[in-house]
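Subject: Structure handover

Hello,

Here is the structure I promised to pass on. Please open it alongside this note; what I found follows below.

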Amino acid sequence: MARNTSFTYYILYICIGFLYPAYCSLVALQTPDKKDDTMWLIYWVVFAALNVVEVATDFVLFWFPLYPLWKLLLLIWCNAPFLHNGSFYIYKIFVGPFFRTYVILQLDKNRVIPSILET
């Protein structure tokens with residue numbers, strides 16, 4: 001979390017970053033379609049990765065003007081209610097390749113990558 005930000009920012013961050021995606025994840029779990037489950041799982045992985053990056057770079061990002069606004073806009077793009085939203089692209093471009101390069105060597109080689117990621 002950026003330092004010296006307003007209480008309104010924290011409320012919006014909780015609503016946009018946690019509450020809305022949690023609600024949509026619970027709704028997705030109730031549907032028989034697995035694509036929406038995968039979409040929200042990708043969101044949570046990207047959200048965690050963004051938070052890890054933010055913790056490491058907060059002392060620099062804090063000085064950028066309107067950083068909290070840009071962060072909220074990024075979260076809105078990441079949890080937009082369509083299949084190929086921001087979290088899909090961040091996962092496909094950054095998180096997925098990083099994971100496959102440095103972590104997948106430890107996993108079973110026979111695992112199937114979900115079809116949503118192959119489009």
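I start with a charged pair. Lysine 34 and aspartate 37 form a salt bridge through their side chains, at 3.5 Å from N to O. The two partners sit in unlike surroundings. Lysine 34 is exposed, because its relative accessibility is 56% and the cut-off for exposed is over 50%. Aspartate 37 has a relative accessible area of 17%, so it falls under the 20% limit and is buried.

Keep in mind throughout that this is a predicted model. The mean pLDDT of the protein chain is 86, and 83% of its residues reach 70 or more. Among the elements, α1 has the highest mean pLDDT, at 95. The lowest belongs to α4, at 92.

Back to the charges. The whole structure holds 2 salt bridges. Besides the pair above, lysine 71 meets glutamate 54 at 2.7 Å, N to O. This pair links distant parts of the chain: lysine 71 lies in helix α3 and glutamate 54 in helix α2, 17 residues apart. Both lysine 71 and glutamate 54 are buried.

Now the overall fold. The protein chain has 4 helices and 0 strands. Read from the N terminus, the order is α-α-α-α. The chain has 119 residues, and 32% of them count as buried. Take the contacts between residues at least 6 apart in sequence: 67% of them join residues at least 24 apart.

What holds the most contacts inside the largest nonpolar core? That core has 17 residues, and the ones with the most contacts inside it are Tyr13, Trp40, Tyr43, Val46 and Leu75. Four helices each supply at least two of its residues: α1 (7-30), α2 (35-61), α3 (67-78) and α4 (86-102). The biggest share comes from α2, which gives 6 residues.

Valine 95 is worth a look. This residue is in helix α4. Is valine 95 buried or exposed? Its relative accessibility is 17%, so valine 95 counts as buried. Setting aside neighbours within four places in sequence, valine 95 is in contact with Val45, Val46, Ala49 and Ile90. The C-alpha atoms of valine 95 and isoleucine 42 are 9.6 Å apart, although 53 residues separate the two along the chain.

Next, the cysteines. How many disulfides does a search of the whole structure find? It finds 0. Cysteine 24 is buried, because its relative accessibility of 14% is under 20%. Cysteine 15 comes out at 35%, so it counts as partly exposed.

Last, the annotation. An unreviewed UniProt entry places the feature "transmembrane region" at residues 6-29, 41-64 and 70-91. In the model, residues 6-29 are 96% helix and 0% strand, with end C-alpha atoms 34 Å apart. For residues 41-64 the figures are 88% helix and 0% strand, and the end C-alpha atoms lie 30 Å apart.

Over to you.

Best wishes

Technical notes. Residues are numbered from 1 along each chain as its sequence is written. This is a predicted model: local features need pLDDT of at least 70, side-chain atom pairs count only at pLDDT 80 or more; totals for chains, interfaces and linings use all residues. Side-chain values use heavy atoms; hydrogens and water are left out. A disulfide is a pair of cysteine sulfur atoms within 2.5 Å. Buried means under 20% relative accessible area, exposed over 50%, partly exposed in between (1.4 Å probe, protein chains only). A nonpolar core is a set of buried Ala, Val, Leu, Ile, Met, Phe, Trp, Tyr and Cys residues joined through side-chain atoms within 4.5 Å. A salt bridge is a side-chain nitrogen of Lys or Arg within 4 Å of a carboxyl oxygen of Asp or Glu. UniProt positions are given in the numbering used here, feature names are shortened, and annotations may be inferred rather than shown by experiment. pLDDT is the predictor's confidence in each residue, from 0 to 100. Contact means heavy atoms within 4.5 Å.
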